[in-house]
Amino acid sequence: MFNKFKLLFTAKKQDEASDKYVEVPANEINEDLKSHVIALEKLGEKYSEVIQKEYTSKFECNGKKNLKIWVCRDIDGDQLPDLTSNHCLEGEYRSQVAINFDGFTDEEDAYVYYIQLWYYFSGGRKGIGTLYDLSKCDLEANIKDQLEVILREV
């Protein structure tokens, strides 16, 4: 009986997470989409900067130093130094708002928490993109919610 409830709860959490994203078929991945991804990443950068300033003291009061929030990009897990949002239509490109604290240095490419903005999976016969849905979700509120969870739980 417990397993049935567990599956129900897990399925609900997965549905909630998938509601934040729009699947983009390969035939719709084009220059128009690229402009939307670039705008989304710029918005993420803006929110990251403002929210980091707002939450730094809250984190320090909780013993969590060096809060950093930023938009990071990678292709197939590799964070290349010259990688920008202009590369967003390349296969395996991913961008996300990343959050880290405590002992983080700029040389490290690891982060503790993230909110995915865009991911273009090009493997197999069909490629597909996953784009954060600004029409249904509030990116600024989601970043702040994640920070509140971190403050309570970590």
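In what order do the five strands of the open sheet lie, and what pairing do they have?

A: This is a predicted model, so local features need pLDDT of at least 70, side-chain atom pairs count only at pLDDT 80 or more, and totals for chains, interfaces and linings use all residues. Residues are numbered from 1 along each chain as its sequence is written, and side-chain values use heavy atoms, with hydrogens and water left out.

The order is β1-β5-β4-β3-β2, with antiparallel pairing. Strands pair if DSSP finds at least two bridges between them. Helices (H or I, at least four residues) and strands (E, at least two) are DSSP runs, numbered from the N terminus. Along the sequence the pattern reads α-β-α-β-β-β-β-α.

Start at the edges. β1 and β2 (68-75) each have a single partner strand, so one side of each lacks a neighbour in the sheet. Neighbouring strands are turned by 20 degrees against each other on average, direction ignored. Axes are lines fitted to C-alpha atoms, for helices over the stretch in contact; angles run from 0 to 180 degrees between N-to-C directions.

β3 and β4 run antiparallel and are joined by six bridges. V97 stands opposite I115 of β4.

Two helices pack on the sheet. α2 touches β1, β2, β3, β4 and β5, and its direction makes about 150 degrees with that of β2. Helix α3 (residues 139-153) touches β2, β3, β4 and β5; its direction makes about 135 degrees with that of β4. Contact here means heavy atoms within 4.5 Å.

Next, the rings. The whole structure has three aromatic pairs. Rings of Phe, Tyr and Trp (its six-membered ring) pair if their centres lie within 6.5 Å; planes under 30 degrees apart count as stacked, over 60 as edge-to-face and the rest as tilted. Y21 and Y132 have ring centres 5.9 Å apart and planes at 80 degrees, so they sit edge-to-face. Y21 belongs to strand β1 (residues 21-25) and Y132 to strand β5 (residues 128-132), so this pair ties together parts 111 residues apart in sequence. Y132 is buried, at 3% relative accessibility, whereas Y21 is partly exposed, at 21%. Buried means under 20% relative accessible area, exposed over 50%, partly exposed in between (1.4 Å probe, protein chains only).

F59 and F101 are also edge-to-face, because their centres are 5.6 Å apart and their planes at 65 degrees. F59 lies in helix α2 (residues 31-61) and F101 in the loop between β3 (93-100) and β4 (113-121), so the pair ties together parts 42 residues apart in sequence. Both F59 and F101 are buried.
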